[in-house]
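Could you open the model in your viewer and keep the selection panel handy? We will go from stop to stop, with something to select at each.

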Amino acid sequence: MTQLFQTMADLSHVRFSAYRTAMKSRRLQKALCLDLLELSIAQSVFDQHKLTHNGQLLEIPGIINCLCTVYRELQQVHPDLVNVPLCVDLCLNWLLKVYDRSVWVLSDKYKYLFAQAADAAGVCNQRQLALLLHNSIQIPHQLGEAAAFGGSNMEPSVRSCFQYVS
């Protein structure tokens, strides 16, 4: 993991922060073999482990169990590319760096984001949106690029989203 972050430092020459963040994200994605993961497989694993609700916290054994399932699925399709123990270890280390011992499960497609933030009635309040934004900024924060995406203060973003809502 340390080597991976050292190679990301090589990308500091990229001028625009959005491109730099995208390149760092892609490098991380490939190192963790997550570029091989299709959304349908991820959703199936999340369903299998009952991780489809926004409020669910995972302890480390649950994270490891879920990652093992993900990487075993990937290894079946890409046996020469996926080393399950190594990938689980790298991904777990990265998740723990980003989320401090707990993982909030969020889908990576926009149409699922609202459903993740909303309550059972399909309503999203300011607190729920702030939590979603806070969790979403953790990856750019870990990559050292949070300032380019508005920093860590979610209040102005949330306020602007609810400005015209009664």
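A salt bridge here is a side-chain nitrogen of Lys or Arg within 4 Å of a carboxyl oxygen of Asp or Glu. This is a predicted model, in which local features need pLDDT of at least 70, side-chain atom pairs count only at pLDDT 80 or more, and totals for chains, interfaces and linings use all residues. Residues are numbered from 1 along each chain as its sequence is written, and side-chain values use heavy atoms, with hydrogens and water left out.

Start with Lys30 and Asp35, whose side chains meet in a salt bridge (3.6 Å, N to O). Lys30 is partly exposed, at 46% relative accessible area (buried means under 20%, exposed over 50%, partly exposed in between; 1.4 Å probe, protein chains only).

Next, select Glu145 and Lys24, another salt bridge, with the closest N and O atoms 3.2 Å apart. This pair links distant parts of the chain, 121 residues apart. Are the two partners buried or exposed? Glu145 is buried at 6%, and Lys24 is buried at 10%.

Now move to Thr69, in helix 4 (residues 60-77); helices are DSSP runs of H or I, at least four residues, numbered from the N terminus. Thr69 is buried, with a relative accessible area of 8%. Its side chain makes a polar contact of 2.8 Å with that of His49 (a pair of N or O atoms within 3.5 Å, one able to donate a hydrogen and the other to accept it; residues adjacent in sequence count only if both atoms are side-chain atoms).

Technical notes
Helices (H or I, at least four residues) and strands (E, at least two) are DSSP runs, numbered from the N terminus.
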